[in-house]
Amino acid sequence: MVFGQESIEKLHYYGTSNDWCILNGFDIAANVCVYIKSRMNEYNQQSKRLVPFHSSRLPPITLNEYILRLIINTRCLISPVCVISAIVYIEKVTKKYGIELNEYNIFRLFSTALLLSYKTNEDPPHLKNSDYSRIAGLTLQEMNILERKLLQYLEYDLSLTSEEEFQARKITEIIISQRLSQTI
């Protein structure tokens, strides 16, 4: 795992993997979506470069629906830790290379980061790329190309530095506080 014990305990606020999927999948998808969209606005002011993750057309669903689709259709094998790690990977790459996050690339970038995070954090991973690519709405060839490209951007280092672990804890706090504010 890439998180310290404190972060794991906070993520368990969402319950076990199956519980969080069934009961809180909607909440976490919505809160992750809000967080990503806020980051998209910040990054868009910094850069305007295209990346291999850029789609030629907008997806027919919202980012919230897409994240929920990934969580539900993977039969909840993707834990909250994987979701947070995926966000950290995205932030790591966008900051390092000045990549613009927008509606044309966030779907592919998020699904690829989530796949890498899943493979890193879950032991053993139970999803094949062919199954995951179908769920993500990509061909297997596209998924494999995007996975290799993101690994190159991350310089094949999927571990998190202590600074990135702190960032992950901050993201977790933001997502949990969003959920708590929605229930009050």
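Predicted model: local features only at pLDDT ≥ 70, side-chain atom pairs only at ≥ 80, totals over all residues.
**Exercise 1. Find which residues of the largest nonpolar core touch the most other members.**

Step 1: Start with the core itself, which has 46 residues.

Step 2: See where the core comes from. Helices α2, α3, α4, α5, α6, α7 and α8 each supply at least two of its residues.

Step 3: Zoom in on one member. Leaving aside residues up to four places away in sequence, Phe-110 touches Val-32, Ile-36, Ile-67, Leu-70, Val-83, Ala-86, Ile-87 and Ile-90.

Step 4: Link this to a wider pattern. In soluble globular proteins, nonpolar side chains tend to be buried together.

**Exercise 2. Classify the ring pairs Phe-53 with Tyr-153 and Tyr-66 with Phe-107.**

Step 1: A search of the whole structure gives three aromatic pairs, and we take two of them here.

Step 2: For Phe-53 and Tyr-153, the ring centres are 6.4 Å apart and the planes meet at 35°, so this pair is tilted. Phe-53 sits in the loop between α2 and α3 while Tyr-153 sits in helix α7, so the pair ties together parts 100 residues apart in sequence.

Step 3: For Tyr-66 and Phe-107, the centres are 5.0 Å apart and the planes are at 65°; planes over 60 degrees apart count as edge-to-face, so that is the label for this pair. Tyr-66 belongs to helix α3 and Phe-107 to helix α5.

Step 4: Check the surroundings. Phe-53 and Tyr-153 are buried, and both Tyr-66 and Phe-107 are buried too.

Step 5: Ring pairs join Phe-53, Tyr-97 and Tyr-153 into a cluster, and Lys-149 lies over the face of Tyr-153, 5.2 Å from the ring centre.

**Exercise 3. Work out which parts of the chain are linked by the salt bridge between Arg-108 and Glu-142.**

Step 1: The closest N and O atoms of Arg-108 and Glu-142 are 3.2 Å apart, and the cut-off for a salt bridge is 4 Å.

Step 2: Arg-108 lies in helix α5 and Glu-142 in helix α7, so the bridge ties together parts 34 residues apart in sequence.

Step 3: Arg-108 has 19% relative accessibility and counts as buried, whereas Glu-142, at 26%, is partly exposed.

**Exercise 4. Decide how far along helix α6 Asp-131 and Arg-134 are separated.**

Step 1: These residues form a salt bridge, with the closest N and O atoms 3.8 Å apart.

Step 2: Asp-131 and Arg-134 are three residues apart in helix α6, so about one helical turn separates them.

Step 3: Asp-131 is partly exposed at 29%, and Arg-134 is exposed at 59%.

Definitions and conventions: Residues numbered from 1 in each chain as written. Heavy atoms only, no water. Core = buried A, V, L, I, M, F, W, Y, C linked by side-chain atoms within 4.5 Å. Buried < 20%, exposed > 50% of the residue type's maximum accessible area, 1.4 Å probe, protein only. Helix = DSSP H or I, 4+ residues; strand = E, 2+ residues; numbered from the N terminus. Contact = heavy atoms within 4.5 Å. Phe/Tyr/Trp six-rings, centres within 6.5 Å; stacked < 30°, edge-to-face > 60°. Lys NZ or Arg CZ within 6 Å of the ring centre and 35° of its normal. Salt bridge = Lys/Arg side-chain N within 4 Å of Asp/Glu carboxyl O.
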